[in-house]
Amino acid sequence: MSFDSLPNKDEVDPEVASFIQMESQKAELQAQVHKLADVCWEQCVDRPRDKLDSRTETCVSNCVERFIDTSLTIATRFQKVLQGAAGSM
């Protein structure tokens, strides 16, 4: 298949484009969840056990909350930067 036979952006069915966008967002969310699990596991779990003790549970909970807070802060900041850039055009 050559690139010449691919439709250009204007020829893509809106339903297909919407589906692709949703799937991309799902994949991004899943990647964030995996990253969150890796970060909090490394930070809070010193060795695997049958269940979490209260210290580990508190650590994981705090880690998740800080990760979410940080992600939202970064997303909000990027949104403001993009709005500022769009406003100056």
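In which helix do Arg-66 and Asp-69 lie, and how many residues apart are they? Both belong to helix α2, residues 54-87, and they are 3 residues apart, about one turn of the helix; helices here are DSSP runs of H or I with at least four residues, numbered from the N terminus. Arg-66 counts as partly exposed because its relative accessibility is 45%, the class between buried (under 20%) and exposed (over 50%), with a 1.4 Å probe and protein chains only.

A word on the source: this is a predicted model, in which local features need pLDDT of at least 70 and side-chain atom pairs count only at pLDDT 80 or more, while totals for chains, interfaces and linings use all residues. Residues are numbered from 1 along each chain as its sequence is written, and side-chain values use heavy atoms, without hydrogens or water.

By the salt-bridge rule the count comes to 6. In helix α1, Glu-23 and Lys-26 lie 3 residues apart, and their closest N and O atoms are 3.2 Å apart. Asp-53 and Arg-49 also form a salt bridge, at 3.2 Å. Arg-49 is partly exposed, with a relative accessible area of 35%, and Asp-53 is partly exposed at 29%.

Finally, Phe-19 is located in helix α1, residues 14-44. With 46% relative accessibility, Phe-19 counts as partly exposed.

Technical notes:
Helix = DSSP H or I, 4+ residues; strand = E, 2+ residues; numbered from the N terminus. Salt bridge = Lys/Arg side-chain N within 4 Å of Asp/Glu carboxyl O.
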